[in-house]
Amino acid sequence: MEYTTEMEKAMQSAHGVGYEIYMRKHDVRMEVEFKREKEYKKGRLLVADLDSKLHSNI
């Protein structure tokens with residue numbers, strides 16, 4: 001996969017590191033991936049909460 005400048009900008013903006021460092025340093029990669037997983041779980045909980053509130057009002 002080719003890594004584009006837009007992807008680099010997004011990585012820098014979201015995680016404060018470039019793709020090159022992300023790929024070279026295991027500890028940085030793990031930190032980024034743990035952060036992504038935490039954000040994903042938080043989002044899933046939010047969606048589940050909103051979904052339950054929507055369906056309980058019907």
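The model is a predicted one, in which local features need pLDDT of at least 70 and side-chain atom pairs count only at pLDDT 80 or more, while totals for chains, interfaces and linings use all residues. Residues are numbered from 1 along each chain as its sequence is written, and side-chain values use heavy atoms, with hydrogens and water left out.

**Overall form**

- Read from the N terminus on, the elements of the protein follow the order α-α-α.
- The radius of gyration, taken over C-alpha atoms, is 16 Å, well over the 10 Å that the globule rule (2.2 Å times the number of residues to the power 0.38) gives for 58 residues, so the protein is more spread out than a compact globule.
- Along the principal axes, the C-alpha atoms of the protein fill a box of roughly 50 × 25 × 20 Å.
- Of the 58 residues in the protein, 12% are buried, a word that here means under 20% relative accessible area, with exposed meaning over 50% and partly exposed in between (1.4 Å probe, protein chains only).

**Packing of α1 against α3**

- Two packed helices are described by the angle between their axes and the distance between the axes.
- Helix α1 (residues 5–15) and helix α3 (residues 26–56) pack at an angle of about 75°, with their axes 12 Å apart; the axes are lines fitted to C-alpha atoms, for helices over the stretch in contact, and angles run from 0 to 180 degrees between N-to-C directions.
- The helices α1 and α3 are therefore roughly perpendicular to each other, given that angles of 65 to 115 degrees count as roughly perpendicular, under 35 as roughly parallel, over 145 as roughly antiparallel and the rest as oblique.
- M11, A14 and H15 of α1 make the contact with V32, K35 and R36 of α3, where contact means heavy atoms within 4.5 Å.
- By class, this contact of α1 with α3 has 3 nonpolar, 1 polar and 2 charged residues; Ala, Val, Leu, Ile, Met, Phe, Trp, Tyr, Cys and Pro count as nonpolar, Asp, Glu, Lys and Arg as charged, and the others, Gly among them, as polar.
- H15, which lies in α1, has 19% relative accessibility and so counts as buried.
- Not counting residues up to four places away in sequence, H15 touches V32, K35 and R36.

**Aromatic rings**

- The count comes to 2 aromatic pairs, for which rings of Phe, Tyr and Trp (its six-membered ring) must have their centres within 6.5 Å, with planes under 30 degrees apart counting as stacked, over 60 as edge-to-face and the rest as tilted.
- The rings of Y3 and Y19 have their centres 3.6 Å apart and their planes at 15°, so this pair is stacked.
- Because Y3 lies in the segment before α1 and Y19 in helix α2 (residues 19–24), the pair ties together parts that are 16 residues apart in sequence.
- Ring pairs link Y3, Y19 and Y22 into a cluster.
- Y3, at 27% relative accessibility, counts as partly exposed, and Y19, at 26%, also counts as partly exposed.

**Other positions and distances**

- K9 has its place in helix α1 and, at 60% relative accessibility, counts as exposed.
- K9 and Y19 are 10 residues apart in sequence, and their C-alpha atoms are 9.3 Å apart in space.
- D51 lies in helix α3 and counts as partly exposed at 40% relative accessibility.

How values were computed. Helices (H or I, at least four residues) and strands (E, at least two) are DSSP runs, numbered from the N terminus.
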